Amino acid sequence: MKDLPDELRPRERLLRHGPEALSTAELVAVLLRTGSPTRSALEVASDLIGRHGGLARLAASGVRELCGVNGVGEVKALHLLAAFELGRRLGALPARRRPLVAGPADAARLVMDRLRFAETEKFIVLLLTTRHEVLDTVEVTRGGLASSPVHPREVFKPAVREGAAAVILVHNHPSGDPTPSRADLAITARLCRAAAVMGIPVLDHVIIGDGRWVSLRERGVAFEGPSSADA
């Protein structure tokens, strides 16, 4: 990295370490891309921040003010203005409210419209936080469980990636009848064994029919980890 031109070093650090590792001046330098014939992008960025008295005043500047710094033309100024505006819009977004799954009825409600009329069997995993808020809803496979069994890695790979504290298994019966089959019980047992190894408990397996659903936990099937009601 020492052999790189000054204007490339912030980009190299960004690639290697991520944006959080860069200083404010380095982040601005990445947006500028290049400096002037006599100064690097990082030097121009530092000058910009210094002349405007910090990032907040820099972000409130207009095109003319930005272009008043040697090395900043109209195109670079517009890049900066666009980035600052995106930051403001992101900050103005309302806080996300994740769905809460307090029991199997909540899990069924989340996916009922998606699954009740599906013509093929779909296997979905609800990824949950420690408070049983839904991080994500992931379809891991489709097709009958008897002919296309769900592999544990398909279930737990997204759970590990998203840092899920627990999962709920959900799949549908295209017949509309959510009565559990032997294949349903077998795949549940297999995934619960894998869950014990992974340390990510399966809280329930909910089967969706046409406007109806069945919770295997409520049917007496044993699961590793606490039930939703115990959380």
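Analyst: Two strands pair if DSSP finds at least two bridges between them, and the strands themselves are DSSP runs of E with at least two residues, just as helices are runs of H or I with at least four, numbered from the N terminus. The model is predicted, so that local features need pLDDT of at least 70 and side-chain atom pairs pLDDT 80 or more, while totals for chains, interfaces and linings use all residues. Residues are numbered from 1 along each chain as its sequence is written, and side-chain values use heavy atoms, with hydrogens and water left out.

User: How do you know that strand 3 and strand 4 pair, and what is the bridge partner of H171?

Analyst: DSSP has to find at least two bridges, and 6 bridges join strand 3 (residues 166–172) to strand 4 (residues 202–208), the two running parallel. They are therefore a pair by the definition. Within strand 4, I207 is the bridge partner of H171.

User: What makes strand 2 and strand 5 the edge strands?

Analyst: The open sheet has 5 strands in the order 2-1-3-4-5, with mixed pairing. Strand 2 (134–142) and strand 5 (213–215) each pair on one side only, which puts them at the edges. From one strand to the next the twist averages 20°.

User: How do you know that strand 1 pairs with both strand 2 and strand 3?

Analyst: Strand 1 meets strand 2 in the antiparallel sense over 7 bridges, with V125 opposite V138, and strand 1 also meets strand 3 in the antiparallel sense, over 6 bridges. Strand 1 and strand 2 moreover form a hairpin with 5 residues between them, where H132 in the turn has a positive phi of about 65°.

User: Why is strand 1 called mostly covered?

Analyst: A residue is buried under 20% relative accessible area, exposed over 50% and partly exposed in between, with a 1.4 Å probe and protein chains only. For strand 1 (122–128), 7 of its 7 residues are buried: K122, I124, L126 and L128 lie on one side, and F123, V125 and L127 on the other.

User: Which strands does helix 8 touch?

Analyst: Contact means heavy atoms within 4.5 Å, and helix 8 (residues 152–161) packs on the sheet touching strand 1, strand 2, strand 3 and strand 4. The direction of helix 8 makes about 30° with that of strand 1, where angles run from 0 to 180 degrees between N-to-C directions of lines fitted to C-alpha atoms. Helix 7 (residues 104–115) lies across strands 1 to 5, running at about 40° to strand 4.

User: What makes a set of residues a nonpolar core, and which have the most contacts inside the largest one?

Analyst: Such a core is a set of buried Ala, Val, Leu, Ile, Met, Phe, Trp, Tyr and Cys residues joined through side-chain atoms within 4.5 Å. The largest has 23 residues, and F123, V125, V155, F156, V167, L169 and V202 have the most contacts inside it. Its largest share, 5 residues, comes from helix 9. A second, separate core of 17 residues includes L32, A41, A45 and V72.

User: Where do the axes of helix 2 and helix 3 stand to each other?

Analyst: The axes of helix 2 (residues 24–32) and helix 3 (residues 41–52) come within 8 Å and cross at roughly 115°. Among the residues making the contact are V28, A29 and L32 of helix 2 and A41, A45 and L48 of helix 3.
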